[in-house]
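Please look over the sequence and the structure shown here before reading on.

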Amino acid sequence: MAHKFAREQPQGLKNHIEKVAIVGAGGNVGKIITEELLKAGKHKITALTRQDSTSTISAGVEIKKINYADQASLIEALEGQDALIITMGSRAPPEQQTKLIEAAAVANVAWVLPNEWGYDITDPGLYKDIPIGEKHAQYRAHIEKLGKSSWIGVTCGFWYEFSLSHGPSAFGFDFNDRTVTFFDDGNTHINTSTWIQCGRGVANLLALKVLPDDKNDQSPCLAHYRNNFIYVSSFNVSQRDMLGSVMRVTGTELDDWKIEHEPSTSRYKDGVEAMQKGDLTGYVKLMYSRVFYQDGSGEFEMTKGLQNGVLGLPKENLDECTKIAVEMAKIPRIY
């Protein structure tokens with residue numbers, strides 16, 4: 001039987017995480033998470049990378065090469081680790097996460113943060129209408145079925161600077177043409193987070209003790225979030241709030257922008273049709289449009305609350321983060 005309190009553990013067993021493995025340490029959010037873990041200085045970090053990876057990994061991180069075709073290499077890389085963080089791009093083969101989860105179980109990795117970084121996947125409407133919900137649920141169920149690891153999901157909303165700079169299919173902005181498409185009236189609020197806020201959230205989460213000391217200990221610990229989600233956010237904003245910030249950052253006025261309106265439900269249907277025809281941008285369009293429905297599904301702090309306070313996350317400046325997005329939009333991307 002698992003111990004409920006730290007004082008019930010045999011003498012010598014630790015009540016904190018020491019070793020953290022991360023997949024995707026050279027990627028967008030993975031790099032930030034790694035940097036925040038290093039900054040906190042409370043863990044030994046190991047990056048798991050493919051044999052042919054050319055990603056740049058932060059100094060101070062041990063690197064272990066893995067081969068997804070060789071499960072033994074995954075198990076060996078994870079032996080002795082207390083936690084596994086999985087960050088993968090949307091085009092990564094889905095079986096890779098399954099293999100990592102299974103290797104973590106064999107290696108007795110106690111905690112897994114699966115590849116879930118986004119909207120509130122527990123919302124019934126979002127779960128039904130956005131195709132990846134069922135697949136993510138299968139990964140979590142697989143972790144529980146194997147019975148060796150516990151999972152914690154991170155709900156952070158869409159990444160603010162990434163989404164604002166991504167183009168019209170995301171938050172509806174085109175900086176080059178100075179156009180914005182408001183979904184419905186543009187007043188629907190959603191929760192959204194910056195990459196660095198996600199990184200801080202993960203670093204501070206894994207710095208919590210694992211179990212409460214005893215039944216009277218009400219301080220935060222990982223066990224409170226076992227097989228559940230944490231909710232973090234940088235901003236609770238509408239598209240009109242975003243436009244106001246963009247205008248302040250760029251020194252433009254409302255008359256400088258062309259504003260269009262489109263029902264979020266229509267955009268969602270258009271995105272579904274495009275995706276069914278093989279257009280991957282349709283998936284982006286349907287996902288963002290659905291979160292902006294006027295049903296409150298994108299504003300998860302109102303229904304689930306936030307762990308920002310528990311995790312000691314700072315209040316961020318909207319305009320400073322918008323400035324980052326404006327600069328990011330100048331960099332060509334391959335979608």
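## The model and its numbering

This is a predicted model, in which local features need pLDDT of at least 70 and side-chain atom pairs count only at pLDDT 80 or more, while totals for chains, interfaces and linings use all residues. Residues are numbered from 1 along each chain as its sequence is written, and side-chain values use heavy atoms, with hydrogens and water left out.

## An annotated region

The UniProt record, an unreviewed entry, carries the annotation "domain: NmrA-like" for residues 18–152. UniProt positions are given in the numbering used here, feature names are shortened, and annotations may be inferred rather than shown by experiment. Helices (H or I, at least four residues) and strands (E, at least two) are DSSP runs, numbered from the N terminus.

Strand 1 (residues 19–23) pairs with strand 2 in the parallel sense, over five bridges; two strands pair if DSSP finds at least two bridges between them. Isoleucine 22 has alanine 47 as its bridge partner in strand 2. Five of the seven residues of strand 2 (residues 44–50) are buried. Buried means under 20% relative accessible area, exposed over 50%, and partly exposed in between (1.4 Å probe, protein chains only).

Three strands make an open sheet with mixed pairing, in the order 8-11-13. Strand 8 and strand 13 each have a single partner strand and stand at the edges, so one side of each has no neighbour in the sheet. Strand 8 (residues 158–159) runs parallel to strand 11, with two bridges between them; tryptophan 159 is the bridge partner of serine 193 in strand 11. Strand 11 and strand 13 (residues 235–237) run antiparallel and are joined by three bridges. There, isoleucine 190 stands opposite valine 237 of strand 13.

In strand 11 (residues 190–193), Ile190 and Thr192 point one way, Asn191 and Ser193 point the other way, and all are buried.

## Aromatic rings

The whole structure contains 16 aromatic pairs. Rings of Phe, Tyr and Trp (its six-membered ring) pair if their centres lie within 6.5 Å; planes under 30 degrees apart count as stacked, over 60 as edge-to-face and the rest as tilted. Tryptophan 159 and phenylalanine 162 form an edge-to-face pair, at 6.3 Å centre to centre and 85 degrees between the planes. Tryptophan 159 counts as buried because its relative accessibility is 19%.

Another pair joins tyrosine 268 and tyrosine 293, with centres 6.0 Å apart and planes at 75 degrees, so this pair is also edge-to-face. The pair links distant parts of the chain, 25 residues apart: tyrosine 268 is in helix 9 (residues 264–276), and tyrosine 293 is in the loop between helix 10 (281–291) and helix 11 (301–304). Tyrosine 268 is buried at a relative accessible area of 14%, and tyrosine 293 counts as buried at 15% relative accessibility. Ring pairs also link Phe158, Tyr160, Phe171, Phe183, Phe235, Tyr288 and Phe292 into a cluster.

## Positive phi angles

Most residues other than glycine have a negative phi. Aspartate 184, not a glycine, has a positive phi of about 60 degrees, and lies in the loop between strand 10 (179–183) and strand 11. Asparagine 227 also has a positive phi, near 55 degrees. Asparagine 227 sits in the loop between helix 7 (195–206) and strand 12 (228–231), and counts as partly exposed at 28% relative accessibility.

## Cavity and pocket

On a 1 Å grid over the protein atoms alone, a cavity is a set of points where a 1.4 Å probe fits but cannot get out, and a pocket is an open set with protein on both sides within 12 Å along at least five of seven lines; lining residues have an atom within 4 Å of a point. Grid points are joined across faces, edges and corners, and a volume is the space filled by probe spheres set on the points. The structure holds one cavity of 30 Å³ or more. The largest cavity has about 40 Å³ of space, and residues lining it include Phe158 and Asn191.

The second largest pocket has a volume of about 510 Å³. Its lining has 20 residues, of which Gln9, Lys14, Ala110, Trp111 and Val210 are the closest to the centre.
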